[in-house]
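Please keep the sequence and the structure in view while reading.

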Amino acid sequence: MSLLAGIAAFTGTGSATLNGDELATISAASRSLSGMWELARHIDGHFLPYYLFMHLWVKAGTAELWLRLPSAVGIAVAAWFLVDLGRRLHSTRAGVIAAAVFAILPSVSYFGAFARSYAFAAAAVAFSFWALHRAVERSEVRRWVVYGVAVALVCSTHLFAVLVLPAQLLLLRRDRVVPMLAAMAVGCVPAAVLGLVGFGERHAISWIPQRGPEVWLKFPKMAAGATGLGLMLFALALAGAVLLWRAAPRGAGALPPWRAAPRGVEEAGTAGVEEAGRVRGEESGGAGAGVSGGAGAGAGVSGGARVWVFVLVGWLVLPPVLLLAVSQLVTPVYVDRYLFVTAPALALLAGLAVAALPRFQVVAAVVVVLLGCALSVQEHVTVREENGRFENIPWALRVIKAEPDDAIVYGQSQLRTGFEYYADSLMPVDVLKTGDAPSPDGFGYPERPDAAAALDGRDRVWVVWRGSKQSGLDGDAVPRVAEVVKAGFKLSLAKHSAELPGLTVALFVRR
């Protein structure tokens, strides 16, 4: 199932063109190590671990398929951990259903074919919950070490992936406070370092507007990638939490998170499927749910599952709440894609809901998957279109019908990276460009300051900018357009790609 999830994410990788964020990955990863460090000191410092990985990866090429392959692998890894975590919490069937639901999410198709670190973050988060389950099942040094490594990966893949960690604190008990907090503290060292770097680069995200609680209404769509599918899965997730709670026997596992289980009280651990539904007990309450029986209807859960209900729900709902809190208290940072790490939790809770049905689990799973596909078919088509990343540079190149001596001016100089990546024929003369390498402290390029002088002797100039036609023609959001007009040119044509923000291509001719 994990392989199928990776394949589902990888399909369409070559059809949707790279957008600005992915081109920034190419720009950063193609620099020297010292160049990447210089970049990280000014912008995207929290992406430095990912850029270091991609620095090695792009040595084999920068084709679209190759750039996006690691993200598809990340989705497959996340699905594998979902399968095994579902098995530990309830049954193998629950894990398989969760992975199947995860695979059909349009958000998975999007970020699984996206050359950024979001799929890595989802895999690292799933790994951390899986490793924590093993550690609380049987408290051994090596298991806590693995958990610490998982936390470090969470912190290294994306700064705001750490917002899932507070949910894991619900598993604290007196008998595991020291190893759990020690592993978490060591694992959070990268987050502390990258957080300090990111705080010093707040100017780089000044484009993010302040948000209010109304953004939570869009959260189901963000997590799933489609509104109808998201609402259905959130209803299933709620049902899964309730069913998991009701299936867990009362006892030590139902104690509040801050209380330790009484000595001598045994809870069922999650050692796997045992003969005749027998589960292995763990002294002092392994917080994980156990499996009794195989993957079928006979599978059950232990009392520890009551705590895991709160943990899984926290995994799903705490990140958007905490991200908005950071936005309100520190600086605006609420961006939907930062919350993709919640998608595995949504799929897992939905899988648990279906697997907890008293009968016909397989039929119900097939219905959920097919209905999910039906509810999200348009979104799946959209993310696989050429403009699936809403920045269609090949379209812009087809619009440009260059004549000899035509000039081109970029409204945002970093757009140059994409046009140079996709151009397969003679381009208009880049009259403002003064160097082949991007700026050491960003993704833009050094340019001549005087557009009028650069366009002297030219009769036609193509201007390309990110955003709508109105943003460049009617406002002052794109200063280069005003400079071209001031240099003695008038608008001849303007076209915008299908979605916002998209790209605008405009031709100006000499008055």
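## Aromatic cluster and ring pairs

One aromatic cluster is formed by F47, Y50, Y51, F53, W57, W66, Y110, F111, F114, Y118, F120 and F340. The model is a predicted one, and a search of the whole structure finds 25 aromatic pairs. In one of them, the rings of F47 and Y51 have centres 6.0 Å apart and planes at 35 degrees, so this pair is classed as tilted. F47 and Y51 are both buried.

W80 belongs to helix α5 (residues 64-89) and W130 to helix α8 (residues 118-137), so the pair ties together parts that are 50 residues apart in sequence. W80 is partly exposed, with a relative accessible area of 43%, whereas W130 is buried, with a relative accessible area of 12%.

## Charges over rings

Two arginine side chains can be described alongside the ring pairs. The charged end of R389 sits over the ring of Y110, at 4.3 Å from the ring centre, and Y110 is itself one of the members of the aromatic cluster. The charged end of R306 sits over the ring of W245, at 4.1 Å from the centre of that ring.

## The five-stranded sheet

In what order do the five strands of the open sheet follow one another? The order is β4-β3-β5-β7-β6, and the pairing is mixed. At the edges stand β4 (429-430) and β6 (489-496), each with a single partner strand, so one side of each is left without a neighbour in the sheet. Helix α19 (residues 415-422) packs on this sheet and touches β3, β4, β5 (460-466) and β7 (503-510), while its direction makes about 110 degrees with that of β5.

Strand β3 (residues 407-410) runs parallel to β4 and is joined to it by two bridges. Within this pairing, A407 stands opposite V429 in β4, and I408 stands opposite D430 in β4.

The pairing of β6 with β7 is antiparallel and extends over seven bridges, with K495 standing opposite V505 in β7. The hairpin made by β6 and β7 has six residues between the strands, and there G502 takes a positive phi near 60 degrees.

## Loop residues with particular geometry

F360, in the loop between α16 (343-355) and α17 (361-383), has a positive phi of about 60 degrees although it is not a glycine. Is F360 buried or exposed? At 58% relative accessibility, F360 counts as exposed, because the cut-off for that class is over 50%.

D405, which is likewise not a glycine, has a positive phi of about 75 degrees and lies in the loop between α18 (393-399) and β3. At 58% relative accessibility, D405 counts as exposed.

Another loop, between β4 and α20 (451-454), holds D436, which counts as exposed at 66% relative accessibility. The C-alpha atoms of D436 and P446 are separated by 8.7 Å, these two residues being 10 residues apart along the chain.

## The chain as a whole

The protein chain has 22 helices and seven strands. Of its 511 residues, 57% count as buried, and the chain exposes about 20900 Å², of which carbon and sulfur atoms supply 64%. Among the contacts in the protein chain with a separation of 6 or more, 72% are accounted for by residues 24 or more positions apart.

How values were computed:
Residues are numbered from 1 along each chain as its sequence is written. This is a predicted model: local features need pLDDT of at least 70, side-chain atom pairs count only at pLDDT 80 or more; totals for chains, interfaces and linings use all residues. Side-chain values use heavy atoms; hydrogens and water are left out. Two strands pair if DSSP finds at least two bridges between them. Helices (H or I, at least four residues) and strands (E, at least two) are DSSP runs, numbered from the N terminus. Contact means heavy atoms within 4.5 Å. Axes are lines fitted to C-alpha atoms, for helices over the stretch in contact, and angles run from 0 to 180 degrees between N-to-C directions. Buried means under 20% relative accessible area, exposed over 50%, partly exposed in between (1.4 Å probe, protein chains only). Accessible areas come from the Shrake-Rupley method with a 1.4 Å probe; for residues, only the protein chains shown count as cover. Rings of Phe, Tyr and Trp (its six-membered ring) pair if their centres lie within 6.5 Å; planes under 30 degrees apart count as stacked, over 60 as edge-to-face and the rest as tilted. A charge sits over a ring if NZ of Lys or CZ of Arg is within 6 Å of the ring centre and within 35 degrees of the ring normal.
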